[in-house]
Amino acid sequence: MVDSSFLNWPFFEERHRKLARDLEAWASAHLSASHDGNIDEACRKLVRELGSAGWLKYAIGGTAYGAAAETIDTRALCIIRETLARHSGLADFAFAMQGLGSGAITLFGTEAQKQKYLPRVGSGEYISAFALSEPEAGSDAAAMQCEATRSGDSYELNGEKTFISNGGIADFYVVFARTTESGGSRGITAFIVDAKTRGLDIAERIQVMAPHPLARLQFTNCGIPDSQRLGEVDQGFKVAMATLDVFRTSVAAAATGFARRALEEALRRAFSRKMFGQTLADFQLTQAKLAEMATGIDAAALLTYRAAWQRDQGQNVTVAAAMAKMTATETAQKVIDAAVQMFGGQGVVSEEPVERLYREIRPLRIYEGATEVQQLIIARGIIKRFQESELSQGQVKGAEATHLAGGRKA
Ligand SMILES: Cc1cc2nc3c(=O)[nH]c(=O)nc-3n(C[C@H](O)[C@H](O)[C@H](O)COP(=O)(O)OP(=O)(O)OC[C@H]3O[C@@H](n4cnc5c(N)ncnc54)[C@H](O)[C@@H]3O)c2cc1C
């Protein structure tokens, strides 16, 4: 059962509905939710398959570099993540990281950088990674200590990055490092670091509850030519935030995909599980739960595709994307938990779909800005809007007062 009725919402165009249909058919034929054995190899294979099937061209921008469109189509990105997440968390991860890892190149790369990296990311030849977080700088990314010191025509990187997805299997990393010591968020620069660069080491592989390649990176006198600098010197924080602005909405879409899968599983279970002379679905308590799950999913999807549509219209999306990410990830966690509960003991058996979803959703409430960080972004946005409207009303009132005062004088 696939509920695709949301594709009739006004956010979408025919090309989005076609994309959803085509990907659904491909995913049903090619993807499996569980992956035995070597997770690195499973991930490499998925990237190659997603590349050769043509889906990765939606993760990059610029038709000259093999992309589906000149700029990233956020609604397409979200439809792809939602669909892949419903079928396979690892396939969604593989797709998303190609986009997040190369997003800064799409947005800020030089012609030479785009030519070198984007076609290879879009075909699945190169695996990409985004290296912002550090042991002492996660939510507070501007507190980073990894530093890049200029010497002649190149930079030397020293420091650490941690929790880096695709760490250990990536062909290149977009790395953010401090170039001006006292600059705070204004003293950071972005670099593209090829995985084989001398001085870059995988210090530790990190195992997590929903397995995927993840590592701590160590940079020791790691030489990077200036041609690998991404964007302006000391403007790297803006590069990171602009990249996250694109992909944050897609995290909401992935969460929505996980939640939809949980609802599908819960419905199947409710109708097949017999108890007290009827089925679980016959109980009104169950129906109330199903109603809450479905409504939560629609609310999350509406916020997600509103944010995606807004970005595709060229509007500022910072607050809308934060609302979508917060609501979709928190809702998905609740929906999946309700599904596990309906499954009873079977719901906590390893590799049962709802058990897997329970593990897969959890990190989404933390990475690319934890829920609390999204709350701060939203609050900052609405406070700014409120102050601006107060100010402009004050100016109108001030102008009216001057006009009236002038009128009296006259
Ligand atoms: C599976 C996974 C994959 C990841 N992949 C990547 C990647 O590819 N690249 C990358 O750069 N990073 C990645 N990360 C790192 C991720 O972005 C950070 O974990 C995240 O930003 C939180 O940082 P932290 O872990 O240091 O937690 P902390 O910054 O220590 O925050 C801990 C908790 O404090 C709370 N909190 C934060 N700010 C506030 C506040 N202002 N007020 C109140 N409470 C607050 C939140 O609940 C938060 O979860 C990944 C993380 C995970 C778990």
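Predicted model: local features only at pLDDT ≥ 70, side-chain atom pairs only at ≥ 80, totals over all residues.
Local features need pLDDT of at least 70 and side-chain atom pairs count only at pLDDT 80 or more, while totals for chains, interfaces and linings use all residues. Residues are numbered from 1 along each chain as its sequence is written, and side-chain values use heavy atoms, with hydrogens and water left out.

**View A. His212 in the loop between β6 and β7.**
His212 lies between β6 (200-205) and β7 (214-225); helices (H or I, at least four residues) and strands (E, at least two) are DSSP runs, numbered from the N terminus. His212 counts as buried because its relative accessibility is 15%; buried means under 20% relative accessible area, exposed over 50%, and partly exposed in between (1.4 Å probe, protein chains only). Leaving aside residues up to four places away in sequence, His212 touches Ile39, Leu90, Phe93, Ser165 and Ile206, where contact means heavy atoms within 4.5 Å. The side chains of His212 and Ser165 are also joined by a polar contact of 3.5 Å. A polar contact is a pair of N or O atoms within 3.5 Å; within protein, one must be able to donate a hydrogen and the other to accept it, and residues adjacent in sequence count only if both atoms are side-chain atoms.

**View B. Gly66 in the loop between α2 and α3.**
The loop that holds Gly66 runs between α2 (39-52) and α3 (74-87). Gly66 is partly exposed, at a relative accessible area of 41%. Lys57 and Ile60 are touched by Gly66, not counting residues up to four places away in sequence. Pro119 is 53 residues from Gly66 in sequence, yet their C-alpha atoms are 5.5 Å apart in space.

**View C. Packing of helices α4 and α5.**
Helix α4 (residues 89-108) packs against helix α5 (residues 111-123) at an angle of about 160°, with axes 10 Å apart. Axes are lines fitted to C-alpha atoms, for helices over the stretch in contact, and angles run from 0 to 180 degrees between N-to-C directions. The two helices, α4 and α5, are therefore roughly antiparallel; angles over 145 degrees count as roughly antiparallel, under 35 as roughly parallel, 65 to 115 as roughly perpendicular and the rest as oblique. Residues making the contact include Gln98 and Ile105 of α4 and Tyr117 and Leu118 of α5.

**View D. Packing of helices α6 and α8.**
The axes of α6 (residues 236-272) and α8 (residues 318-343) come within 8 Å and cross at roughly 20°. Helices α6 and α8 are therefore roughly parallel to each other.
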